[in-house]
Amino acid sequence: MKTVRKVLAVCLLLALAVVALAACGKKANYEVLVNDASGKPVSGVTIQFCSDTECNMGTTNENGIAVFEKEAGNYTIHVLKVPEGYAPDDTEYTAPDKPGQVVIVLK
């Protein structure tokens with residue numbers, strides 16, 4: 001019986017260690033919301049989301065949102081392609097240091 005308790009205790013400690021390691025470097029969502037000047041969401045906008053070492057691309061959905069699952073850090077956002085009827089946007093946007101939402105307004 002003592003051996004079973006020891007094995008269970010070791011298993012519990014290992015499980016807690018795995019949970020603690022998973023919490024470190026946890027990814028969360030950065031949302032890029034694209035609206036037009038009237039506040040209406042714009043779908044089909046191609047977004048580039050970059051760190052110093054990599055870039056990811058996404059397209060806004062019907063709610064005007066592109067989601068990027070990343071760890072907290074320094075990121076820049078570029079609008080690569082807009083639907084017909086909107087002016088190109090060559091602004092470099094800065095994402096917040098912690099996951100959250102960035103709003104871009106197209107003209």
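User: Which residues touch the most other members of the largest nonpolar core?

Analyst: Keep in mind that this is a predicted model. Val-32, Val-34, Val-45, Ile-47, Phe-49, Ile-77 and Ile-104 do, out of 18 residues in that core. Strands 1 (28-36), 2, 4 (65-70), 5 and 7 (101-106) each put in at least two core residues.

User: What makes that set a nonpolar core?

Analyst: A member has to be buried, meaning under 20% relative accessible area, and joined to the set through side-chain atoms within 4.5 Å. Val, Ile and Phe are on the list of residue types that count, so Val-32, Ile-47 and Phe-49 qualify as members of the core.

User: What is Phe-49 in contact with, beyond its neighbours within four places in sequence?

Analyst: Its partners include Tyr-30, Val-32, Phe-68, Ile-77 and Ala-95. Each counts as a contact because it has heavy atoms within 4.5 Å of Phe-49.

User: How do you know that strand 2 and strand 5 pair?

Analyst: Pairing takes at least two bridges. Strand 2 (residues 46-50) and strand 5 (residues 76-81) have five, in the antiparallel sense, so they count as paired. Thr-46, for one, stands opposite Lys-81 in strand 5.

User: Why are strand 3 and strand 6 said to stand at the edges?

Analyst: The open sheet has four strands in the order 3-2-5-6, with antiparallel pairing. Strand 3 (55-59) and strand 6 (93-94) each have a single partner strand, so one side of each is left without a neighbour in the sheet.

Key:
Residues numbered from 1 in each chain as written. Predicted model: local features only at pLDDT ≥ 70, side-chain atom pairs only at ≥ 80, totals over all residues. Heavy atoms only, no water. Buried < 20%, exposed > 50% of the residue type's maximum accessible area, 1.4 Å probe, protein only.
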